[in-house]
Every structure is written in C-alpha cells, then in structure tokens.
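Here is a short briefing to read alongside a protein model. Please take a look at the sequence and the 3D view, then work through the topics below.

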Amino acid sequence: MTEPFARPTSSAAEVTETVRAPRAFSADVAEADAITAPLSDSVAPVAEVARPPGFFGWLGRIVWVTGGLLVSLALGLAAERLVADLFAAQPWLGWVAVALIIALVLALVVIIAREIGGLMRLRALETLRRDAALALETDTPKAGKAVSAELLHIYSGRADMARTREAVSGAEEQIFDGAEHVRHAERQLMAPLDARARALTAASARRVALVTAVSPRALIDIAFVIFESVRLGGDIARLYGARPGFLGTWKLLGAILAHLAVTGGLVLTDGVVEQLVGQGVAAKLSARLGEGVVNGLMTVRVGIAAIRVVRPLPFSALKQPVVKDFIPELANVLNADKKAG
C-alpha cells in the first residue's frame, strides 16, 4: 500500500503573489467610521461645531446697516420734535427732556462699547487658539512663549486662577520646546476650567431632562431648551474669559440652532435610549422620560460645542469631553425619577 502524498495544484511561480501592505487609518477617520450613531463622539472641527448663522452675506449687512441708520434718523427727528414742543410749552420741561436724552445716549454708548469689547474678546480667544495650534505644529519656542504670555494676560485679573498663573510663569525658564509651553499652560490653566465647564454642562443637562420628563406641553420643552442652551453657552463663554454680550452670544447660536434641529427627531428616542442605557432599562422608561434623556444629551452636545468654540487652547495635553462622559449623570436622573415614580 502506497503512502499518501501531497500534489501541488500550481507551480511555485504561480503561487507567488504580491503581498499588500496593511492599511493605516488616522484616529479621526477610524473614530468617525466606527461610530455611526446620531450621538457619536467624533470630534468635529470648531468651525463645524458652532458656526454663526449667516443672513444673506454682504446683502444682509447692507440691510442691517441701512435699516439701523434709518431707524436712528427717525428716532432722532422724533426726539428733536419732542424737545422743541416741550420748550414751547414750558422751558424747564425742555431742559428735563434734554437731560434725559443725554443720559440715554450715554447709556447706549456704554452698551455699544461693551458689545464691541465682548466681540473683540471672542475674536482674541479665537486668534489665540489658532496661534496655539500653530505653536503645537511648529514647536517654536518663541510662539509657545507668546501663547503662554497671552493666556497669563487674559486671566491676570482672576483671583481664582492666581496659583495656576504662578505655576505657568514659574516654569517658563525650564521649558525649551514651544509645544511644551502650550501643553504646560493647558494642563495648569485649562484643567480647572474644563472641570467647571463639564459641571455646568452636566447640571444643565439634568435640568433639561427633568423638565422635559415632567412638563405637560411640548411648547414648554422647547422654550426651556432654548433658555437653557443660551444660558449654558453664555456661562461657558464667561468661564473661559469671553464675557460676551448680546451680539457675542449671538455668535454662539450656531451650536444652539444645531441642537434644536437634532431634538426634533424624538421619534428615535427608543433606539437612542436602548443604545445608551441598555434595552433592559429602556423597556421600563416612559416616552416622556426617554425624550428627557434625549434632550439632556443634546444639551450636552451644546455644552461640548461651546467648550470647543470659546476655549482659548486646542485640546492637546488634556482629553476632550465627549457625550458618553455625561451618561452617568443622566442615568442618575433616570434612577431618581424611577424611584420617585
């Protein structure tokens, strides 16, 4: 009996194949491809996170400027006629009207100056963030020191950051890399601010979730979501040193409008809640409580977008906040509501 033997089906020359090198993916692409849910934690560029809504470009600016000038001329003419009529009736009434108009003009000048200052502060933080990103990329010591000095200047008047400012300024002579200057400033100055921004976002998300769960009307939900989103954006901006006024807050409405657009899809509540807290818990939740969870998560997205927009340094040495970091906070709200029910 002959022993079995292996017979090749092709020659050695035919077996030879070109070995394909393994493909490499960047972290951003892999994260964006791996997470496809509506509430993904993929990091989007700042310009896409909160882009101020534009109104017809330069035509909109012309409309606003010309309309404002016409209204100002009409108000000035009305005030002039009022003062003239009062002087004709009683001279002292005319002088009282003049004094009131002067006080009104001075108050308007102060308000306009504050609004301009708020817009300039927002622009300064944006410029500093670009300079910091450039310093991280080029690793130039001069650029890194300039970013660190500008940060110390921005937070020079804050008593709660005195110790962190001393830590940054005291280590300047011991750091020789420009990128390390930026990372050291981020670890010392941004870490406590990031923690407080996360706390503000979590508290706002809890309030939105509770109000949505107990409110009887959808209109109340929408009004409270708008109010809470605007307040959260302003609080985070002031925390990082922006101090926006009315016009400055308007620049943050891009993230808020995106938030409201996403909260309209409440028909996906069950799937989203099952994905985040598990099917066992989701099956026991009411529809209103599920909507509260979704609205709370969308408020978290608003807070994260506001952090990325107003933070004066890009995330390099510290971890960026993501939605899943706030899920335990909302889970506590769910447990509390279930126990109360």
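Let us begin with a term: a residue is called buried when its relative accessible area is under 20%, exposed when it is over 50%, and partly exposed in between (1.4 Å probe, protein chains only). By that rule, Ala-305 counts as buried, because its relative accessibility is 6%. The model is predicted, so local features need a pLDDT of at least 70 and side-chain atom pairs count only at pLDDT 80 or more, while totals for chains, interfaces and linings use all residues. Residues are numbered from 1 along each chain as its sequence is written, and side-chain values use heavy atoms, with hydrogens and water left out.

**How confident is the prediction?**

- The predictor's confidence in each residue is called pLDDT and runs from 0 to 100.
- The chain has an average pLDDT of 74, and 69% of the residues score at least 70.
- Over residues 10-53, the pLDDT is below 50; beyond near neighbours in sequence, this stretch has 39 contacts in the model. A contact here means heavy atoms within 4.5 Å.
- Residues 263-275 also have a pLDDT under 50, and the model gives them 19 contacts beyond four places in sequence.

**The chain as a whole**

- How many helices and strands does the chain have? The secondary structure comes to 15 helices and zero strands. Helices (H or I, at least four residues) and strands (E, at least two) are DSSP runs, numbered from the N terminus.
- The chain has 341 residues, of which 34% count as buried.
- Among contacts between residues at least 6 apart in sequence, 75% join residues at least 24 apart.
- The accessible surface of the chain is about 20900 Å², and 64% of that belongs to carbon and sulfur atoms. Such areas come from the Shrake-Rupley method with a 1.4 Å probe; for residues, only the protein chains shown count as cover.

**Salt bridges**

- Side chains of opposite charge can pair when their charged atoms come close.
- A salt bridge is a side-chain nitrogen of Lys or Arg within 4 Å of a carboxyl oxygen of Asp or Glu. The structure holds 10 of these salt bridges.
- One of them joins the side chains of Arg-207 and Glu-228, at 2.6 Å from N to O. This pair links distant parts of the chain, with Arg-207 in helix 8 (residues 178-214) and Glu-228 in helix 9 (residues 218-239), 21 residues apart.
- Is Glu-228 buried or exposed? Glu-228 counts as buried, because its relative accessibility is 1%.
- Arg-238 and Asp-235 form another salt bridge, with their closest N and O atoms 2.8 Å apart. Both residues lie in helix 9, three residues apart, which is about one turn of the helix.
- Arg-238 is partly exposed at 41% relative accessibility, and Asp-235 is partly exposed at 26%.
- Salt bridges that share partners join Arg-158, Asp-160 and Arg-196 into one network.

**A closer look at Arg-158**

- Where is Arg-158? Arg-158 lies in the loop between helix 6 (141-154) and helix 7 (162-170).
- The side chain of Arg-158 meets that of Asp-160 in a salt bridge of 3.2 Å, N to O. Asp-160 is partly exposed, with a relative accessible area of 45%.
- Leaving aside neighbours within four places in sequence, Arg-158 is in contact with several residues, including Arg-165, Leu-193, Arg-196 and Arg-238.

- Thr-164 lies in helix 7. Thr-164 counts as buried, because its relative accessible area is 16%.
- A polar atom of the Thr-164 side chain lies 2.9 Å from the backbone oxygen of Met-161.
- Beyond neighbours within four places in sequence, Thr-164 is in contact with Gln-188, Leu-189 and Pro-192.
- Ala-305 has its place in helix 14 (residues 287-310). Ala-305 and Pro-321 are 16 residues apart in sequence, and their C-alpha atoms are 9.7 Å apart in space.

How values were computed:
Polar contact = N/O pair within 3.5 Å; in protein donor to acceptor, adjacent residues only side chain to side chain.
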